[in-house]
Each structure stands twice: as structure tokens, then as C-alpha cells.
Amino acid sequence: MFGSKVIKTKEELNLSKLKSGEVHRMHMHLTDNSLGVPWRVPIVVIKGAHQGPVLGLTAALHGNELNGISNIFKLIEEVDPSKLNGSLVLLPISNVPGYLMNQREFSDGFDLNRIMPGSSKGATSSLYAYHFTTKIISKMNYLLDLHTASHGRVNSLYIRADLDIEETRTLAYLQNPQIIVKKHDEEGTLRSWANGNGIHAITIEIGNANTFQNALIHETHDGILNTLRYLEMIEGEVEDMIADATVCDRSFWIYSNKGGIVDVFPDLADFVKKGEVIARVYDVFGQVKEEVVADMSGVVIGKNVRPNCDAGTRILHLGVSIIEPESENIPGHDNFEES
Ligand SMILES: [Zn+2]
């Protein structure tokens with residue numbers, strides 16, 4: 001019962017040709033590496049027995065962000081194609097070279113989630129992005145893009161979505177997040193390209209890089225199943241998932257000014273008050289060099305957990321619920337952090 005069949009390599013994803021009521025596994029040829037060997041993305045299609053929408057899930061677009069892989073495997077185990085309406089297009093490893101090198105970026109150092117949709121005549125990452133979007137993502141009606149925090153930082157379970165648009169707001173509210181951050185789509189992200197092309201997409205940030213965190217994976221799974229129920233792909237009652245979620249108008253990182261040994265105090269999803277000391281930077285002799293203070297009140301979305309920090313390290317990712325006009329363009333604040 002274990003072991004896998006030989007999986008074929010395809011040049012295109014033709015959903016209408018796949019047999020209904022079955023699970024299909026394939027490699028999709030996107031571009032070639034320096035051996036002249038294809039970079040092939042693994043795809044699992046659960047083609048429902050009945051008509052319905054195409055929901056895509058992408059994981060590890062940043063090659064070391066792995067929790068989403070487990071979420072996709074859970075879906076494969078749980079969804080019965082004979083009872084499914086529509087199709088699930090599942091990409092457990094979206095950035096194949098990055099995954100092999102256990103790194104966020106593509107093999108040439110570019111971040112795939114900044115260069116979407118790539119170009120048919122660009123650099124190797126750009127070619128990969130181009131074929132990834134045109135051959136695969138363009139076949140979807142909805143997309144959940146599964147990410148995690150970067151290495152050395154930890155994240156709560158949170159959603160980035162454009163809440164001004166009804167479809168993406170609904171997708172965000174169907175998940176089971178601790179926090180939702182209102183985000184207009186940043187240029188170059190997969191989410192932005194998808195939403196610009198009629199594919200309703202949100203980003204789900206699930207905990208930390210380089211690990212499986214079962215509790216967060218389980219919470220995310222509940223939200224994904226809820227999405228399937230809402231889209232009437234599976235049976236069951238849609239639940240109101242955002243009763244306990246904090247909705248933020250925006251978010252930004254607070255940086256250290258000094259380099260040294262950093263201790264960040266609040267826990268994830270804690271509320272901090274304006275003026276509160278959120279971190280201390282020590283020199284190597286144990287003397288305090290800097291106290292980092294929250295300049296706005298808000299909720300902790302993510303935090304740095306790596307103590308050895310250069311000056312100008314991101315310390316704490318704060319989500320704020322009320323836009324205070326004087327807080328726009330605070331020096332050192334990056335409002336466009338996308339993990
Ligand atoms: Zn990411």
C-alpha cells in the first residue's frame with residue numbers, strides 16, 4: 001500500500017481532460033536547470049465527480065516555508081473526490097529549487113513572491129514565475145497561498161487580504177486566524193497577480209519557517225475546510241471563524257537601532273501599549289544599550305527570536321487597528337513586509 005507509482009511529467013494542466021472523481025498526480029515542467037534537466041513542480045489535482053469551482057492551494061513558494069505542505073497533505077487524505085464539487089489544484093512545493101536548497105529564494109537568489117508573473121524572456125526565476133502563473137495558477141478560480149514567517153522570526157496564524165474587496169474579505173473571514181491584516185496587494189506577489197486576473201486570492205501565514213507546527217496546521221486546516229464548505233465543494237455548515245480574530249488596518253515592523261544581543265518581551269498575539277518597552281538590546285558585556293519602545297498600540301503579529309542582531313534588525317511585527325495620520329511614514333517603518 002506504500003510506495004508511489006511513476007508520476008508523469010506534463011507540459012500543460014488541462015483540467016477538463018482529467019477524469020472526474022479521481023486524484024491525479026503529475027509533475028509540471030516549468031523551465032530547465034543548468035544540467036539541462038527540467039525544473040518540475042509536483043501537482044496533485046483532486047478532480048471532483050461533480051461540477052464546481054477550481055480552488056488552488058500553493059505552499060513553499062518560499063522554499064523553506066513548510067507548514068503549508070502538511071496542510072495540503074491533510075486535504076489529500078481527507079477529501080473524497082467522489083463527493084467533491086469542482087477541483088482542488090494542490091502545489092505542496094511551489095519553489096522547487098528553493099525547497100532543495102532549504103532557502104526562501106529561487107536558485108538565482110530572487111524572491112519568487114516579488115517578481116510575479118515573471119516574463120517569458122527573463123532571468124531563470126522570472127521564466128519559472130512566468131510558466132508557474134500561466135500554466136498553473138491561471139487555471140484557478142480561488143487561491144490560498146500558504147506561507148510562514150522568515151527564519152529567525154515567529155508568526156502567529158494570520159491572514160493578509162484586501163478587505164475592501166468582497167470576495168477576498170469573505171475568504172479571509174472563512175479562515176480561522178488569530179489576526180487579519182488588511183493589505184492592498186503588493187506588486188509582484190502571487191496574490192496580487194491572481195487578484196488582478198480574476199482569481200480571488202489571500203495569503204495565509206502559518207507560524208514559522210523550516211518546521212511542521214501541528215497545532216497551527218490543524219487550525220489552518222479548519223479554515224481551509226470551511227472555505228470548501230462555503231464554495232459548496234463539500235457538504236457541511238459554514239462556520240463563522242473570525243469571532244476571536246483581531247482585524248488590523250495595517251502592520252509594520254519595529255526595528256532596533258543598536259546591534260547586540262536582543263531580547264523581545266511580548267508573546268505572539270499579545271497587545272502592547274504605546275510607550276511600552278518591547279525589547280532590550282544588550283552589549284556583549286550584559287549592559288543595556290537600547291530599550292526598544294512601541295510607538296503605537298497594537299497586536300503582536302510576529303517577532304524576532306534570534307538574539308544576535310545587527311543594528312537595524314526587525315524586532316517586532318505590530319498590527320494596528322486605527323490609522324493615526326501622524327504615524328504615516330514613520331522612519332524605519334516598512335509597511336510592505338510580505339513574508
Ligand atoms: Zn513566504
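Predicted model: local features only at pLDDT ≥ 70, side-chain atom pairs only at ≥ 80, totals over all residues.
How many residue pairs are in polar contact between domain 1 and domain 2?

The protein is split into two parts: domain 1 covers residues 9-230, and domain 2 covers 251-327. Where they touch, domain 1 brings eleven residues to the contact and domain 2 brings 14 residues.

The size of an interface is often given as the accessible area lost when the parts come together. Here, domain 1 and domain 2 bury about 960 Å² between them, with 65% of it on carbon and sulfur atoms. On the domain 1 side, look for R153, V154 and I179: they supply 50% of the area this domain buries against domain 2, more than any other three residues.

Now for the opening question: two residue pairs are in polar contact between the domains, both at pLDDT 80 or more. Salt bridges across this interface number zero. Strands β7 (153-155), β8 (157-161) and β9 (179-182) each give two or more residues to the side of domain 1 that touches domain 2, and β7 has the largest share, with three residues. By type, the residues on that side are four nonpolar, four polar and three charged.

Finally, turn to an open, antiparallel sheet of four strands, ordered β16-β15-β13-β18. Because β16 (288-293) and β18 (308-309) are at the edges with a single partner strand each, one side of each has no neighbour in the sheet. Strand β15 (residues 277-282) pairs with β16 through five antiparallel bridges, and A279 has V292 of β16 as its bridge partner.

Key
Residues numbered from 1 in each chain as written. Heavy atoms only, no water. Pairing = 2+ DSSP bridges. Domains from an automatic or database assignment. Contact = heavy atoms within 4.5 Å. Buried area = accessible area lost by both parts, 1.4 Å probe. Salt bridge = Lys/Arg side-chain N within 4 Å of Asp/Glu carboxyl O. Polar contact = N/O pair within 3.5 Å; in protein donor to acceptor, adjacent residues only side chain to side chain. Nonpolar A, V, L, I, M, F, W, Y, C, P; charged D, E, K, R; others polar.
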